[in-house]
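Subject: Structure for you to look at

Hello,

Here is the structure I promised to pass on. Please open it first, then read my notes below.

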Amino acid sequence: MGKRRDGNGTLTVGTGTGEREVPLRIAASYGARSRGLLGVDGVVGALLITPCASVHTFRMRFAIDVAYLDRKFNVLAVRTMRPGRLGLPRLRARHVVESEAGAMEMWGLRPGARIQVSEDA
């Protein structure tokens with residue numbers, strides 16, 4: 001898969017019978033990455049920010065889960081961040097997935113897992 005573009009897709013967590021598909025918004029342009037989840041009251045599914053190694057929650061209206069991913073979409077770390085926080089950069093992180101707080105635990109997304117991202121045509 002080549003260079004990503006802003007758009008929609010699906011995030012797949014787990015394998016086999018434990019597989020879960022989550023609606024995904026992709027933020028790849030500078031504007032979409034900068035905007036992220038600012039100004040919204042919630043998120044359905046998740047937001048993939050790429051490329052990205054750190055995030056902040058200044059001016060956000062709700063707590064979020066943040067998963068830091070390497071270039072092969074392996075989960076390096078998962079953190080819950082309240083509004084008004086600055087996340088530390090992850091050296092190996094190339095992508096970040098954001099969702100509402102508690103969602104990633106529900107999906108079984110944890111360090112060491114690998115996710116798949118498919119973009120809508």
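A contact means heavy atoms within 4.5 Å. Among contacts in the chain between residues at least 6 apart in sequence, 57% join residues at least 24 apart.

Some ground rules. This is a predicted model, where local features need pLDDT of at least 70, side-chain atom pairs count only at pLDDT 80 or more, and totals for chains, interfaces and linings use all residues. Residues are numbered from 1 along each chain as its sequence is written, and side-chain values use heavy atoms, leaving out hydrogens and water.

Now the fold. The chain has two helices and seven strands. These are DSSP runs, numbered from the N terminus: helices are H or I with at least four residues, strands are E with at least two. From the N terminus on, the order is β-β-α-β-β-β-β-α-β. The C-alpha atoms fill a box of roughly 40 × 30 × 30 Å along the principal axes.

Next, burial. Of the 121 residues, 41% count as buried. Buried means under 20% relative accessible area, exposed over 50%, and partly exposed in between (1.4 Å probe, protein chains only).

Where is Ile115 placed? Ile115 sits in strand β7, residues 115-119. Its relative accessible area is 3%, so Ile115 is buried. Leaving aside residues up to four places away in sequence, Ile115 touches Leu11, Thr12, Val13, Leu69, Phe73, Val75, Val97 and Leu109. Ser54 lies 61 residues from Ile115 along the chain, and their C-alpha atoms are separated by 19 Å.

Best wishes
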